[in-house]
Amino acid sequence: TLAENLADVVVPGDQRVVMPVSQALSPTGGLVGLRGNLAPDGAIVKVAGLAHLVHSGPARVFDSEEACFAAVMERQYEKNDVLVIRYEGPRGGPGMREMLSTTSAIYGQGMGEHVALITDGRFSGATRGLCVGHVGPEAAVGGPLALLRDGDIIDIDATAGTLSVRLSDDELAARRATWEPRQTDYQSGAIWRYAQTVGPARYGAVTHPGARAETHVYAEA
């Protein structure tokens with residue numbers, strides 16, 4: 001086990017490489033989990049090197065990364081907006097692409113500290129600014145992200161670990177009752193089959209029940 005492997009390791013007391021919890025370099029790691037009525041299954045934000053940890057503003061909703069990127073390039077957004085890129089999760093993409101192009105463009109325009117971005121897609125380590133990814137449940141399965149409309153006020157607090165929209169449960173339920181799934185351009189082949197079986201990002205976006213459900217080890221056949 002990991003504990004057995006490290007049982008004889010002695011950490012010198014006169015170094016600043018491996019720090020004890022009592023002298024942690026920061027109160028959290030580089031990534032923080034968020035949860036709230038907009039992300040019942042959680043979301044992830046990279047806070048390493050980020051000064052902008054709390055943000056509230058109106059939603060600007062886009063159903064693809066391309067649509068959001070086009071709007072950003074035309075500067076069709078305002079200071080304090082929360083740009084929402086949905087239907088880019090494992091099932092909705094399909095495939096959960098990283099949203100690096102849009103965030104790079106925002107930062108290049110000098111707006112990285114003035115807006116936020118949330119998505120059911122993912123980010124790479126190069127992403128800068130207050131960018132929340134892995135929002136779950138994803139829009140493609142009817143998660144709250146799918147119910148957002150332009151102008152809804154979104155609150156992000158990476159310090160408290162929350163992500164919410166200022167809508168009542170009744171309003172969200174009413175919107176969910178009229179929501180219809182969005183069809184992708186992939187209606188056959190391997191990508192279609194992947195979208196039918198892929199699970200949520202929080203469980204690894206896998207296309208099987210998981211290792212614990214496996215009863216046959218093919219490597220030992």
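In the predicted model, proline 94 lies in the loop that runs between strand S4 (82–85) and H3. The peptide bond joining glycine 93 to this proline is cis, with an omega of about -15°. The loop between S4 and H3 also holds tyrosine 87. Although tyrosine 87 is not a glycine, its phi is positive, at about 65°. A cis peptide bond is also found from glycine 136 to proline 137, where omega is near 0°. Proline 137 is placed in the loop between S6 and strand S7 (153–157).

These local features belong to a protein chain with five helices and eight strands. In sequence order, the elements of the protein chain follow the pattern α-β-β-β-α-β-α-β-β-β-β-α-α. The C-alpha trace of the chain spans about 60 × 50 × 35 Å along its principal axes.

The packing of two helices was examined next. Two packed helices are described by the angle between their axes and by the distance between the axes. For helix H2 (residues 65–73) and helix H3 (residues 100–108), the angle is about 15° and the axes are 9 Å apart. Because angles under 35 degrees count as roughly parallel, H2 is roughly parallel to H3. The crossing in which H2 passes H3 is left-handed. On the H2 side, the contact is made by Glu65, Cys68, Phe69, Val72 and Met73, while H3 contributes Leu100, Ser101, Thr102, Ala105 and Ile106. Classified by residue type, the contact of H2 with H3 comprises seven nonpolar residues, two polar residues and one charged residue.

The volume of the largest cavity is about 60 Å³. Its lining is formed by Thr103, Ile106, Tyr107, Met111, Gly112, Val115, Ala116, Leu117, Arg128, Gly129, Leu130 and Cys131. Two or more residues of this lining come from each of H3, strand S5 (116–119) and strand S6 (130–136). H3 makes the greatest contribution to the lining of the largest cavity, with three residues. By class, eight nonpolar, three polar and one charged residues make up the lining.

The loop between S4 and H3 contains proline 94 and tyrosine 87. Within H3, Ile106 takes part in the contact with H2 and is also among the residues that line the largest cavity.

Definitions and conventions
Residues are numbered from 1 along each chain as its sequence is written. This is a predicted model: local features need pLDDT of at least 70, side-chain atom pairs count only at pLDDT 80 or more; totals for chains, interfaces and linings use all residues. Side-chain values use heavy atoms; hydrogens and water are left out. Axes are lines fitted to C-alpha atoms, for helices over the stretch in contact, and angles run from 0 to 180 degrees between N-to-C directions. Helices (H or I, at least four residues) and strands (E, at least two) are DSSP runs, numbered from the N terminus. Angles under 35 degrees count as roughly parallel, over 145 as roughly antiparallel, 65 to 115 as roughly perpendicular and the rest as oblique. A crossing is left-handed if the near helix is turned anticlockwise from the far one by less than a right angle, and right-handed if clockwise. Contact means heavy atoms within 4.5 Å. Ala, Val, Leu, Ile, Met, Phe, Trp, Tyr, Cys and Pro count as nonpolar, Asp, Glu, Lys and Arg as charged, and the others, Gly among them, as polar. On a 1 Å grid over the protein atoms alone, a cavity is a set of points where a 1.4 Å probe fits but cannot get out, and a pocket is an open set with protein on both sides within 12 Å along at least five of seven lines; lining residues have an atom within 4 Å of a point. Grid points are joined across faces, edges and corners, and a volume is the space filled by probe spheres set on the points.
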